[in-house]
Amino acid sequence: MPAVSKGDGMRGLAVFISDIRNCKSKEAEIKRINKELANIRSKFKGDKALDGYSKKKYVCKLLFIFLLGHDIDFGHMEAVNLLSSNKYTEKQIGYLFISVLVNSNSELIRLINNAIKNDLASRNPTFMCLALHCIANVGSREMGEAFAADIPRILVAGDSMDSVKQSAALCLLRLYKASPDLVPMGEWTARVVHLLNDQHMGVVTAAVSLITCLCKKNPDDFKTCVSLAVSRLSRIVSSASTDLQDYTYYFVPAPWLSVKLLRLLQCYPPPEDAAVRGRLVECLETVLNKAQEPPKSKKVQHSNARNAALLESISLIMHYDSEPNLLVRACNQLGQFLQHRETNLRYLALESMCTLASSEFSHEAVKTHIDTVINALKTERDVSVRQRAADLLYAMCDRSNAKQIVSEMLRYLETADYAIREEIVLKVAILAEKYAVDYSWYVDTILNLIRIAGDYVSEEVWYRVLQIVTNRDDVQGYAAKTVFEALQAPACHENMVKVGGYILGEFGNLIAGDPRSSPPVQFSLLHSKFHLCSVATRALLLSTYIKFINLFPETKATIQGVLRAGAQLRNADVELQQRAVEYLTLSSVASTDVLATVLEEMPPFPERESSILAKLKRKKGPGAGSALEDGRRDPSSSDINGGVEATPSAVSTPSPSADLLGLRAAPPPAAPPAPAGAGSLLVDVFSDGPAQPSLGPTPEEAFLSELEPPAPESPMALLADPAPAADPGPEDIGPPIPEADELLNKFVCKNNGVLFENQLLQIGVKSEFRQNLGRMYLFYGNKTSVQFQSFSPTVIHPGDLQTQLAVQTKRVAAQVDGGAQVQQVLNIECLRDFLTPPLLSVRFRYGGAPQSLTLKLPVTINKFFQPTEMAAQDFFQRWKQLSLPLQEAQKIFKANHPMDAEVTKAKLLGFGSALLDNVDPNPENFVGAGIIQTKALQVGCLLRLEPNAQAQMYRLTLRTSKEPVSRHLCELLAQQF
């Protein structure tokens, strides 16, 4: 940077700032500022031309005033004039003013762009850097469009100075983050990658930041950077602190560049080249070895720099998850940090060890630190560190230490911070269920959980207890005895009453032989809690009472007296009143056989993923996948207790005693659909999503006849409270990929093809539609040689789409082997006309790294077209009937493809309408008709396409009986030509 001359001190600016600082009040400051603004305005408007120094001084004053919080509405033109100065200080102030005060919508942008263009072409490195900094600071789309093509050329030019290359790389990064579509990297890719070999470390640091951002979108284009990054990292790691003097920070060579290189390598799987991989492993071992050496300085900057490189190296080791030796060494190093006096370091160590606990290679090494982690849970003063300790205990838990960890977490729960109690409750419930060797311990744990933190025990937790107890005959008696004892406590939480009411209503007969828990005693105990409970709990207890009448006829008179009481029959709550009236009538009118049939024991609940685990995933949000989905536990604890999908490492055959829920038993044959009745209101009280309606195999729906029938219902489902309906999809779905609309448009006029493809995954589509029903086959192909883990495609209904389109999906395998393909079947029903397609979210883990993408599913309203043939007279009669302005949509547009009559005809037929011959007087025009079939109504549609070959234009006119459908169909079809 040029030296500032002695005359550039701007004494007037210094005096003005001093005056402002000396002001005794806000009013005095405003008065002085207004006086200065008036003086500056008069100078700018005066007849006497100002020299560069004066302009610079006054522009500086305006900038200072703006930074004090006052509005500036003049002086912009003078700042732009400073850009044309040949003096560095004047040009610098001009660029500074523009970067701070000029917005992207300013009328001066064109003048500013011209000045920047002149500076970029000047080959003066100082002026070029100023111009690049201004582009990066403003970062508007207009500037991106003006300079996106020039900056890569400056970046890779052989005669560009190092400082200019640094600025160009960072400027390009800023523009790419603001507008990715404006940065044309195709021809510059290889040369940008080779900047990693540049001799200047500053250029390499800036280039790594740029490449890291670019490769996330186009990893294949930048994969050659891996070997160069490893080579550069190796030179840094093996160098002494004196080798890179300008880039050594407190005896640590180039720590920022090392961290950036390690993060770049985390964008790719382990190198396939053995030499490159060996060199990288050697680098990581060197970093771990240096961590064991005594520090060369006692200053915190030295330890921060050294630990930054170390922790990023451990992140890369965890990302690769393929080097057992490195994983164990990383775990041991993090274990040393668990007792470090620096709180931040303990936090980072706990967080990293959560990920290491999910690796089959390092899980045992993590378990050796269990006592230290438990001590951290008890003694840490910082709540965030305690929360990470709880996360790590959850991650390291397996069958060998489950009881110890659960008991410690229960003990901690009594004094835990309120903010994390619900999360601790969910984790205890999951661990108790997943690693229960016998269910007496499980029942004791959950009831203890309700006793300690009843307010934080969500419905999912006690729903799950009821499901498991109902499904296990051998635990029902113990559960009834234990909950009966728990209800005898003077202060009993309402959730305990709910669990007790359900279990005693179902299985109270198993403990009725003991005089201490005879039927009258059970009823009296429950009814003593009745008046203290909420409406929902009272409703459940009323259902328990009617069950008692069936189980214990001797209690009939007492219970009928309770139901007959005015407090129930005339209750202000309609739900309680209705239940009391219906149950009283049922117990009075129905015979013993009918009563036994209606009030029979609840059937076993169908097994599925634990709703508790699903809630914990939602609560943890994005990034919880590594700790929840891919936790590698004891090989003997695969999918047995929790209904959780097994991970690839948990494939060993568990012992017979571990199959506590009988999940490995052969599934029973599907039962025929039950008639609609009271029980059909509650299909599945344990699932997070709503019950999907069954599409019966009527003659019109013959091609959907393979749909699975719903599970049989029982009237006793009335005993459970329904779970709230929710859209069956994760809550953290990202936006669709940028090219989602383009991919969707490819399928408007066709049903089969490749929907999406990148270097990892190919998604193919094959579909068929008839009337308002459709079936779609999605084919997911793994293009790599590495297995996809936790593979989970999910269909999402944005907005109100769920009321317009029903999509029933079938699950796919959670693992997709390298080179393999899996198929998913989607059954679709159009309920009403819709404008937005459903979304397809695909998530999986590749090489340990989470991958996700969101596409638009190729289901558009025209898929439910039924072609309709009609004579010319009928067509024109119907055309006139649809003559309201809102019923017509018309678009005139330029042809984007060659105008071929046969291709146009094929597209219109693919769109779904019937083509009518001899209707339009002009034989070059195309006329079509059809009906959009939905469950609620039918929408008639007429279209006319008029091509003009000379002008290369089309005019498309659509008329339907619904305005939104007309506009939407017109937009869809116009994009095809």
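## A guided tour of the model

Start by selecting F66, L67, L96 and V100, which together make a nonpolar surface patch with about 340 Å² of accessible area. The elements giving two or more residues to this patch are α3 (52-67) and α5 (88-101). Keep in mind as you go that you are looking at a predicted model. Now pick out L96, which sits in helix α5; its relative accessible area is 41%, so L96 is partly exposed.

Select S239, in the loop between α13 (225-237) and β1 (248-249). S239 has a relative accessible area of 10%, so it is buried. Show its side chain and look for the backbone oxygen of I236, which lies 2.7 Å from a polar atom of that side chain. Leaving aside neighbours within four places in sequence, the contacts of S239 are L244, P253 and K290.

Then move to A254, in the loop between β2 (252-253) and α14 (255-265). A254 is buried, with a relative accessible area of 4%.

**Helix salt bridges**

Side chains of opposite charge can pair when their charged atoms come close. A search of the whole structure finds 38 salt bridges, and here are a few to visit.

Select R388 and D391, whose side chains meet in a salt bridge at 2.6 Å, N to O. Both are in helix α21 (residues 383-396), and because they are 3 residues apart, about one helical turn separates them.

E408 counts as buried at 13% relative accessibility, whereas R411 is partly exposed at 48%.

**A bridge between a loop and a strand**

Select K783 and E757, a salt bridge with the closest N and O atoms 2.9 Å apart. K783 is in the loop between β5 (773-782) and β6 (788-796) and E757 is in strand β3 (residues 752-757), so this pair ties together parts that are 26 residues apart in sequence. K783 is partly exposed, at 41% relative accessible area, and E757 is partly exposed, at 43%. For a network, select D19, R32, E36 and K61, which are joined by salt bridges that share partners.

**Around strand β15**

Select R944, in strand β15, which is partly exposed at 27% relative accessibility. The side chain of R944 makes a polar contact with the side chain of D920, at 2.5 Å. V927 is 17 residues from R944 in sequence, yet their C-alpha atoms are 4.6 Å apart. Other residues in contact with R944 include W879, N925 and R955.

Then step to Q952, in the loop between β15 (938-948) and β16 (953-960). Q952 is another residue other than glycine with a positive phi, near 55°, and it is partly exposed at 33% relative accessible area.

**Last stop: cysteines**

How many disulfides does the structure hold? The count is 0. Select C970: the closest cysteine sulfur, in C941, is 9.9 Å from its own, which is too far for a bond. C970 is buried at 3% relative accessibility. Finish at C397, which is buried with a relative accessible area of 0%.

Definitions and conventions. Residues numbered from 1 in each chain as written. Predicted model: local features only at pLDDT ≥ 70, side-chain atom pairs only at ≥ 80, totals over all residues. Heavy atoms only, no water. Patch = residues over 30% accessible without salt bridge, like charges linked within 9 Å, V, L, I, M, F, W, Y side chains within 5 Å. Areas by Shrake-Rupley, 256 points an atom, 1.4 Å probe, with all protein chains shown as cover. Salt bridge = Lys/Arg side-chain N within 4 Å of Asp/Glu carboxyl O. Helix = DSSP H or I, 4+ residues; strand = E, 2+ residues; numbered from the N terminus. Buried < 20%, exposed > 50% of the residue type's maximum accessible area, 1.4 Å probe, protein only. Polar contact = N/O pair within 3.5 Å; in protein donor to acceptor, adjacent residues only side chain to side chain. Contact = heavy atoms within 4.5 Å. Disulfide = S-S within 2.5 Å.
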